[in-house]
Amino acid sequence: MSGKDESIFSMEALKSTQTGREIMKQGLLRSKGYRQFNQYKEKTEQEFSGFAQRFIMSLHKAIVADSNPAGTIQKFADDAGTQELALSDDSMSDVKARLSNPDVLGDRVKRILNSNFVKMTFPVFNALYDGASEYFSDAASEEKRNAVIDGHVIAIDLSEPMDRIVDKDEDLEYLDDYKFMNPYILGIARRKIAQGGDAVLKAFEEGFKDARIGQYVDVKLKMKPVSINDEKMTECYKKYRAVMGTAGRNMALNRRPLSDIFHLGMARAGECVGCGNEIEDAIKNNAVKIPSWPLYYALNTGDVRHAFELTMAKSELYLDEAKIALDMLPESFQLKPFLEFLFMTVRHYNQYWYNELVRRAPFAEFQKKLEAVAK
């Protein structure tokens, strides 16, 4: 398995959930899904450092070449709709000088690449791209393959510094560096994705626009948590749905039927993982995340524990819809077992963190903090 915290997929952790035990069984029997998944896990272990190095080199080149970083960063903040992503003029020259050092820049990149969404999706995009290439009988092009996959992983990675800036719950000493890096990360993603063709770039731009809407709603809900409702949370989840769905679509180079099928599966799987991430964050930050499905359910039921139960139910709805994509796949598509196994790892991830929450039982403390928020 791949993830920020490898212990989630340790033998002990797998034994702790019903789905984890099924994963272990498939591993022992060396099922087709397990073998396909393990192949791409090993491929990721071999290729991830090369991807990271390509990313660092491209980012360094973009930063040192820009003669007007203040304008670049301000435009990014304006487009994102929040000045929290802007950087003060006073610190601009110091940050640029610091990030012009490749070792320092490499450290910052590796920090934001240490993300569940990045670690869990890199092997998935490789598999989807290969499966689509085989289905459409594409001529082999390692350059295009690397560009499209790299570009979408980098685009997903952009959510990490943006979330850390807005949430202010991680890497506080590096937030100015992240503000500086954001527009260049987006520029690199765009240039790489464009190598997939006009239809691929168009799909990315549409998805990125929706993701910005989700991020904007997220920021507004942080400012006024009690304004949360189901429609706003659905809009907020565009930050998962749009980015992951678009990446899935473009692993098929935006060609039907696989483009639509991959979009559905990845969008809903992304939302499902989002629920698990909210539970994980609640444990690590010792409070219900703002905004989140647990917050929405807790404010409406008055029962924090029940709110997390409902969040797990919501995650299952997302995953059930993701599984519809499996039934839409053409019979000749060879990597269906991979996707079935992938969805098992997603369910285990959510079950693991929910079980951990129940084991720690911080519900009374969460309830007190929530009452303070609701006043």
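Trainee: Does Phe341 count as buried or exposed?
Mentor: This is a predicted model with residues numbered from 1 along each chain as its sequence is written; local features need pLDDT of at least 70, side-chain atom pairs count only at pLDDT 80 or more, and totals for chains, interfaces and linings use all residues. Side-chain values use heavy atoms, without hydrogens and water. Relative accessible area under 20% means buried, over 50% exposed, and in between partly exposed (1.4 Å probe, protein chains only). Because its relative accessibility is 1%, Phe341 counts as buried.

Trainee: What kind of aromatic pair do Tyr34 and Phe341 form?
Mentor: Rings of Phe, Tyr and Trp (its six-membered ring) pair if their centres lie within 6.5 Å; planes under 30 degrees apart are stacked, over 60 edge-to-face, and the rest tilted. The structure holds 21 such pairs. With 6.0 Å centre to centre and 70 degrees between the planes, Tyr34 and Phe341 are edge-to-face.

Trainee: How many residues apart in the chain are Tyr34 and Phe341?
Mentor: Helices are DSSP runs (H or I, at least four residues), numbered from the N terminus. Tyr34 lies in helix α3 (residues 32-65) and Phe341 in helix α17, so the pair links distant parts of the chain, and the separation is 307 residues.

Technical notes
Helices (H or I, at least four residues) and strands (E, at least two) are DSSP runs, numbered from the N terminus.
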